[in-house]
Amino acid sequence: MATVRPVALKAALTRHGRWLPPPWALLCRPNTAVRAFSSVMSPPSTAVVYDDHGPPDTVCKVKELPPLQIKDDDICVRMLAAPINPSDINRIQGVYPVRPPVPAVGGYEGVGEVYSVGSAVKGLSPGDWVIPSPPSSGTWQTYVVRDQNVWHKIEKSTPMEYAASVAVNPLTALRMLEDFVDVKSGDAIVQNGATSIVGQCLIQLARDRGIHSINIIRDRAGSDEAKEKLKNLGADQVFTESQLEVKNVKNLLADIPEPALGFNCVGGNAASLVLKFLKQSGIMVTYGGMSKKPITVSTSSFIFKDLSLRGFWLQKWLSSDKAKESRVMIDYLLSLAREGKLTYEMELVPFNQFQSALDKALGKLGTQPKQIIKF
């Protein structure tokens, strides 16, 4: 079990050779001083900080950060939970296209409770649950201070782990399902990486709309169990990659129509298998490349099937004046979670076991549920 070891804050101020106490020593004065402090400054924050880019298990350190001033339009949020996403890992490694300058606090989404508000804040009060929307860097810490426009109020009846993880993977699934092809009830989609969080969300969002899903997973130990889990979520068909080493995959579809829309987060051969299922003029949307292998497309796929290849990156979509629109979608996704219509496997891990959660997220312990840090 990892132990949080706060970095001590040290100060020694002198004037004319005389030692003066540091500012935070004023906190030890009577209650009036404490109230004045809490209305202007945040509490100190325990955070996961990386000073340089590199392997996350090497560069990430748990430190204590000093209090921050809460300005008139600011809100101080006590974080409740935040996930460890693949993109978080990539930002720390320094390979993600957009990343905060170092030193930086890890994390990009999460849920928290309003701790205190600036004098000009309207519509939010202490005790409200909020998420950063659009997502905002620096959620792996106990207290976050940001402008009120960053925060979106959500219903407190929402399960904490879903509130913490809704703004990236589920929103990606929803946008891809709606933005590329007008898929209607009775139609079908196909995807690889079906056991991923996005993949699981696509299955359930499709099921809720009467859309069939054809799902591809990699060959591995426990693939039969994985198939059963996906079918319980609403998957119509689940195949391992080796099962699709046939000339005509259409014969495997039974009564399911050929899909016009496919999703790829793996690349390599798994992407080629998605293309094999697509009907004339179908579209494959790529949103990840877990295998780190390129997508290879046959000439006949372009000439005779007129297939199209597209890409989707949520951060780019959010940057195109979609912030307010995305909050309506987040509320919709969270309503599905509260109704039990959107589920995925997660593990809540206490903050003082962050290193263990990070090891799991890095794949050191094999396939693991989504890791959610609980503060």
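How many bridges join strand β3 to β4? Six bridges join strand β3, which spans residues 45–50, to β4, and the two run antiparallel; strands here are DSSP E runs of at least two residues, helices are H or I runs of at least four, and both are numbered from the N terminus. Within this pairing, Ser45 has Leu65 in β4 as its bridge partner. The model is a predicted one, in which local features need pLDDT of at least 70 and side-chain atom pairs count only at pLDDT 80 or more, while totals for chains, interfaces and linings use all residues. Residues are numbered from 1 along each chain as its sequence is written, and side-chain values use heavy atoms, with hydrogens and water left out.

The strands β3 and β4 belong to an open sheet of three strands in the order β4-β3-β6, with antiparallel pairing, where two strands pair if DSSP finds at least two bridges between them. Because β4 (60–65) and β6 each have a single partner strand and stand at the edges, one side of each is left without a neighbour in the sheet.

A second open sheet is formed by six strands in the order β13-β12-β11-β14-β15-β16, and here the pairing is parallel. Its edge strands are β13 and β16, each of which pairs on one side only. On average, and with direction ignored, neighbouring strands of this sheet are turned by 20 degrees against each other; the axes behind such angles are lines fitted to C-alpha atoms, for helices over the stretch in contact, and angles run from 0 to 180 degrees between N-to-C directions. Four bridges hold the parallel pairing of β14 (residues 261–264) with β15 (residues 283–286), and Asn264 has Thr286 in β15 as its bridge partner.

Helices also pack on this sheet. Helix α6 (residues 197–208) touches β11 (188–192), β12 (212–217) and β14, and its direction makes about 170 degrees with that of β11, contact meaning heavy atoms within 4.5 Å. Helix α7 (residues 223–233) touches β12 and β13, its direction making about 160 degrees with that of β13.

Strand β13 (residues 237–240) includes Thr240, which counts as buried because its relative accessibility is 5%; buried means under 20% relative accessible area, exposed over 50%, and partly exposed in between, with a 1.4 Å probe and protein chains only. With neighbours within four places in sequence left aside, Thr240 is in contact with Ile217, Arg218, Asp219, Ser223 and Lys227.

The structure also holds seven aromatic pairs. One of them, formed by Tyr96 and Trp313, is edge-to-face, at 6.0 Å centre to centre and 70 degrees between the planes; rings of Phe, Tyr and Trp (its six-membered ring) pair if their centres lie within 6.5 Å, and planes under 30 degrees apart count as stacked, over 60 as edge-to-face and the rest as tilted. Tyr96 lies in the loop between α3 (86–93) and β6 (104–105), and Trp313 in the loop between β16 (308–311) and α10 (314–318), so the pair ties together parts that are 217 residues apart in sequence. Tyr96 counts as buried at 14% relative accessibility, whereas Trp313 counts as partly exposed at 33%.

For the protein chain as a whole, there are twelve helices and 18 strands, and buried residues make up 48% of its 375 residues. Of the contacts with a separation of 6 or more, 71% are accounted for by residues 24 or more positions apart.
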